[in-house]
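Hello,

Here is the structure I said I would pass on. My notes on it follow below.

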Amino acid sequence: MAVTIETRGSEIRDTFLAKMAETFDAQAVERKARAWDWIFNPPLGPDAPAVRVLTAWRDGRFVGGSITGVSAYMLRGERRYFLSPYGTNIDPKERGLGINLIKAFYAGPARRIGIPIDERFARVNEKYGAHSKARFQMFAPLRAGSALARRKPAAAPVAGPVNAVWSAWRALSGLGGSRLRPGESITVAQEFGAEHDAFWQKAVTHHPFIQVRDSAFMVWRFRDMPLQKYDVLQLRRDGELRGYVAIGHDTDPKRGTAQVTDILTIDDDPRDLALLFRAASRRLEDLGAEVAVFGCVVNEALMQAARMAGFSRSKPTRPAQIYYGAAEDAVSLDEDLGRLYLTRADQDEDY
């Protein structure tokens, strides 16, 4: 009997998680269980599509599925909704099931955005009409001795002294870079409200294709998110909010890495961005991270600022992919893709 694809809501939770448990480790299942209700309740308003689950069935058995998230983007000055696939969960015995889900995801006129699981799925998405934009990850060593000892345990006795020397070198090298001027400050955000919304309204005029980052989004993404804590550091100049950077508290126990999750300034000024990157790196070092990691679609201002702030290594990673289902939209797809602003905060790697 052929596989049938059906759209379900959050009520599929227990069935979905039970199938996950057959192929994913217990930690991954537990994280999805904790984040489930949060995933299904983004702050999008009554006109937005609902978050749904594409489910696959054979002979009445649930054999796989994928969550279809919903995000609000500002696109050429107008608010638009994009669908995003994540949490894909497939019975490995069901050959071709992934292709069936991809076909179902691309049905209909909706706009879609996502990060493919791997290069093979990226090519399949392109076959169905998705267009790709390159993404990079950048790395800033924070505790060089600890990172060395992680790779070469014999170096553990010198990790402390090497960390101290590295920290001193970073401080000295920072003297020649961007520093706060009189009237400038970087402090931890205490709340998000009218001040942040005023900042967002200014920033969006300089960013023609960006996920909505109003105060409701900030609360949902960085305060209510159930899987980890975040710090949001705000840059002010003469009292005006000019930008922020968000960092996750979790450090990867295998790699010693921690994430600069999001960053945004009013006008992508490299100096403002570099000030925030430096502040994020200092905070991650205080939290015990050995390496700070930042990922984004190719954006020269972000990449220049990250280099100014000590993110000395980079590597390409899976691309961002955009699909427009309506023919009248597709003519502008490549132009829009070239303007896309996307960081880790815009994807599902934290949940």
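Asp59 sits in the loop that joins strand E2 (52-58) to strand E3 (61-75). Please keep in mind that this is a predicted model. The phi angle of Asp59 is near 55°, which is a positive value in a residue other than glycine. Asp59 has a relative accessible area of 52%, so it counts as exposed, the cut-off being over 50%.

Asp238 is in the loop between strand E9 (230-237) and strand E10 (240-251). Its phi is near 50°, a positive value, and Asp238 is not a glycine either. With a relative accessible area of 67%, Asp238 is exposed.

The largest nonpolar core has 89 residues, and the members that touch the most others are Ile39, Val260, Ile263, Phe277 and Phe311. Helix H9 (residues 270-286) supplies the largest share of this core, 8 residues. Leaving aside neighbours within four places in sequence, Phe277 is in contact with Val260, Ile263, Phe294, Leu302, Ala305, Ala306, Ala309 and Phe311. There is also a second, separate core of 14 residues, with Leu75, Tyr324, Leu333 and Leu337 among them.

Last, Phe105, which belongs to helix H3 (residues 97-105). Is Phe105 buried or exposed? Its relative accessible area is 9%, and the limit for buried is under 20%, so Phe105 is buried. Apart from neighbours within four places in sequence, Phe105 contacts Leu54, Thr68, Leu83, Ser84, Pro85 and Arg112. From Phe105 to Arg313 the separation is 208 residues in sequence and 35 Å in space, C-alpha to C-alpha.

Regards

Conventions:
Residues numbered from 1 in each chain as written. Predicted model: local features only at pLDDT ≥ 70, side-chain atom pairs only at ≥ 80, totals over all residues. Heavy atoms only, no water. Core = buried A, V, L, I, M, F, W, Y, C linked by side-chain atoms within 4.5 Å. Buried < 20%, exposed > 50% of the residue type's maximum accessible area, 1.4 Å probe, protein only. Helix = DSSP H or I, 4+ residues; strand = E, 2+ residues; numbered from the N terminus. Contact = heavy atoms within 4.5 Å.
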